[in-house]
Amino acid sequence: MATLSPLLKQATPVVVDHGEGAYLYDTDGRRHLDFTAGIGVTSTGHCHPRVVAAAQEQVGKLVHGQYTTVMHKPLLELSERLGDVLPTGLDSLFFANSGSEAVEAALRLARQATGRPNVVVFQGGFHGRTVATATMTTSGTRFSAGISPLMGGVHMAPFPFAYHYGWDEKTATDFALRELDYLFATATAPGETAAFFIEPMLGEGGYVPANPEFMAGLRERADEHGILLVVDEIQTGFGRTGKFWGHDHFGVQPDVITIAKGLASGFPLSGIAASAELMAKAFPGSQGGTYGGNAVSCAAAVATLDVIRDENLVANAAERGEQLLAGARAVADKTPAIGDVRGLGLLVGSEFTTADGKPDNTTAQAAQKLAAERGLLMLTCGAYMNVVRMIPPLVVTSEQVDEALEIWAGVVAEVTK
Ligand code: PMP
């Protein structure tokens, strides 16, 4: 018998038998409240009956119909349905499987469309683990350790992470935009810069929302210099933040968005959306792949969009998100060990700090472990892995949020006493 690679290490000891809604059931029959949602993927809850039915029906009709060979109905239907929810003007779609592939597709499009070699990413951003996207990822050194030489042409500018700088939001934003201009003067001239790649809220980097002034600053510079604004909505899209898109919080128009995770309730599917005019600038043959836009994944995605609409999941994410954020803040108010609680919608992070204000991943990870023992599954994130993050499915109920907060309050009291 083969053994599992240590690469498959888990944050919790749970071996899952099945899932239903916001709960996972392990092989010993124990129930766990799942505030990880497969890292923000199973937004409609585990095994939503409508998603399951759509996928089952599609499996019996067609599993795979590679889209550069033949087109299939679920992909056409999904494209049409995404048209109802995509930002204005982004009316052309390309599909892949994973988030990293979508970011790479956006990178190829940006370089080909502009003829420029460089891209600017923002400190603390996460865009994937392929060599190109790991190069673009700065939310922790571990993602690109030992794999050099990395891809060329990637430049990093600051993100307005006010809490880390110890500044207010305005000072952090002014600083970040000034540094971006300095980067243009010293490292990548605007005329050499194809695109900005920005998450509306740092995800893996510690759950840090951007702000309207910062996003407007990027848009202004993009317009002035013909740089593309690529918004990575992989973790923040499909209602996760309490608005349909993460960037909807900031009133900014992207040129390209990347999508994945919440799109298909756990079936592998990702993509990019851009204007037809921009998409037409991709070089023929350079975008594609064997499995992208899988028929079963597309059918599941159509059902996912139906559920998001019919069950008002965006509004639920906003309401339950406020409840969760307020509850997590109330827990933090009782201890100096949690220095900051941040979030948008159902992405809520509690940052653990030592008494002298340093990142405290030991306590954060102890809290995450103890919570898992008590039936609440969560993850950590941030450069130091000292932010405990809650990402329940968008179908989470008020009672389930209370249930999680009660466990969380007990866990925090225990690990900080
Ligand atoms: N971009 C963002 C914003 C993400 O959160 C992630 C995954 N955490 C990715 C890209 C990469 O997605 P994948 O793991 O599917 O390649």
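This is a predicted model: local features need pLDDT of at least 70, side-chain atom pairs count only at pLDDT 80 or more; totals for chains, interfaces and linings use all residues.
**Backbone points to look at**

- Most residues other than glycine have a negative phi, and most peptide bonds are trans.
- You can find Ala 37 in helix α1, which covers residues 37–40.

**Helices α11 and α13**

- Two packed helices are described by the angle between their axes and the distance between the axes.
- Here, helix α11 (residues 313–333) and helix α13 (residues 398–415) have axes that come within 10 Å and cross at roughly 15°.
- Angles under 35 degrees count as roughly parallel, and α11 and α13 are therefore roughly parallel to each other.
- The crossing in which α11 passes α13 is right-handed.
- On the α11 side, the contact is made by Arg 320, Gln 323, Leu 324, Gly 327, Ala 328 and Val 331.
- Facing them from α13 are Ser 398, Val 401, Leu 405, Trp 408, Ala 409 and Val 412.
- Sorted by class, this contact of α11 with α13 has eight nonpolar, three polar and one charged residues.

**The four-stranded sheet**

- Strands of a sheet pair through backbone hydrogen bonds, either parallel or antiparallel.
- In this model, four strands form an open sheet with mixed pairing, and their order is β1-β2-β3-β15.
- At the edges are β1 (16–20) and β15 (376–377), each of which pairs on one side only.
- Strand β3 (residues 31–34) pairs with β15 in the parallel sense, over two bridges.
- To locate this pairing on screen, look for Leu 33, which stands opposite Leu 376 in β15.

**Around the ligand**

- The ligand is surrounded by 15 residues, and the closest are Ser 98, Gly 99, Ser 100, Ile 234 and Gln 235.
- Helix α4 (residues 99–114) gives the most to this shell, with three residues.
- By class, the shell around the ligand has five nonpolar, seven polar and three charged residues.

Technical notes: Residues are numbered from 1 along each chain as its sequence is written. Axes are lines fitted to C-alpha atoms, for helices over the stretch in contact, and angles run from 0 to 180 degrees between N-to-C directions. Angles under 35 degrees count as roughly parallel, over 145 as roughly antiparallel, 65 to 115 as roughly perpendicular and the rest as oblique. A crossing is left-handed if the near helix is turned anticlockwise from the far one by less than a right angle, and right-handed if clockwise. Two residues are in contact if their C-beta atoms, placed from the backbone, lie within 7 Å. Ala, Val, Leu, Ile, Met, Phe, Trp, Tyr, Cys and Pro count as nonpolar, Asp, Glu, Lys and Arg as charged, and the others, Gly among them, as polar. Two strands pair if DSSP finds at least two bridges between them. A residue is near a molecule or strand if its C-beta atom, placed from the backbone, lies within 6 Å of it.
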